[in-house]
Amino acid sequence: MNPAVTIALAVGRRFSWREVPDHLVAQLVGGFLAVAALCRRAAEPGRSTFRSRRVRHASAIRAFGAGR
């Protein structure tokens, strides 16, 4: 879940307001840890986490495996 869903469920009375602060903190900490892990991985020498590869002759038909 994300914080917006947590708050929306609490507003809709499907989630206890008492649990909202704990869930929001856990979701934000988890998000920061995920970003830190990705940034650390991208900082390793010779590795690029955010690099995309070029694909020759890519088409929508081949991308979904129908052109085999």
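Analyst: A residue counts as buried under 20% relative accessible area, as exposed over 50%, and as partly exposed in between, using a 1.4 Å probe and protein chains only. By that rule Arg13, at 77% relative accessibility, is exposed. This is a predicted model, in which local features need pLDDT of at least 70, side-chain atom pairs count only at pLDDT 80 or more, and totals for chains, interfaces and linings use all residues. Residues are numbered from 1 along each chain as its sequence is written, and side-chain values use heavy atoms, with hydrogens and water left out.

First, the setting. The protein has three helices and zero strands, and its pattern along the sequence is α-α-α. Helices (H or I, at least four residues) and strands (E, at least two) are DSSP runs, numbered from the N terminus. Confidence is given as pLDDT, the predictor's own score for each residue, from 0 to 100. The mean is highest in helix 1, at 93, and lowest in helix 3 (residues 60–63), at 64. Over the protein, pLDDT averages 79, and 59% of the residues score at least 70.

Helix 1 covers residues 3–11, and at its start a side-chain oxygen of Asn2 comes to within 3.0 Å of the backbone nitrogen of Ala4. After helix 1 comes Arg13, which belongs to the loop between helix 1 and helix 2. Arg13 is not a glycine, yet its phi is positive, at about 60°.

Further along, Ser16 is also in the loop between helix 1 and helix 2. Ser16 is partly exposed because its relative accessible area is 32%. A polar atom of the Ser16 side chain lies 3.2 Å from the backbone nitrogen of Arg18. The C-alpha atom of Ser16 is 9.5 Å from that of Thr6, with the two residues 10 apart along the chain.

Trp17 is exposed because its relative accessible area is 52%. Together with Ile7 and Val11, Trp17 forms a nonpolar surface patch with about 320 Å² of accessible area. Such patches take residues with over 30% relative accessible area and no salt bridge, joining nonpolar side chains (Val, Leu, Ile, Met, Phe, Trp, Tyr) within 5 Å and like charges within 9 Å. A salt bridge is a side-chain nitrogen of Lys or Arg within 4 Å of a carboxyl oxygen of Asp or Glu.

Methods: A polar contact is a pair of N or O atoms within 3.5 Å; within protein, one must be able to donate a hydrogen and the other to accept it, and residues adjacent in sequence count only if both atoms are side-chain atoms. Accessible areas come from the Shrake-Rupley method with a 1.4 Å probe; for residues, only the protein chains shown count as cover.
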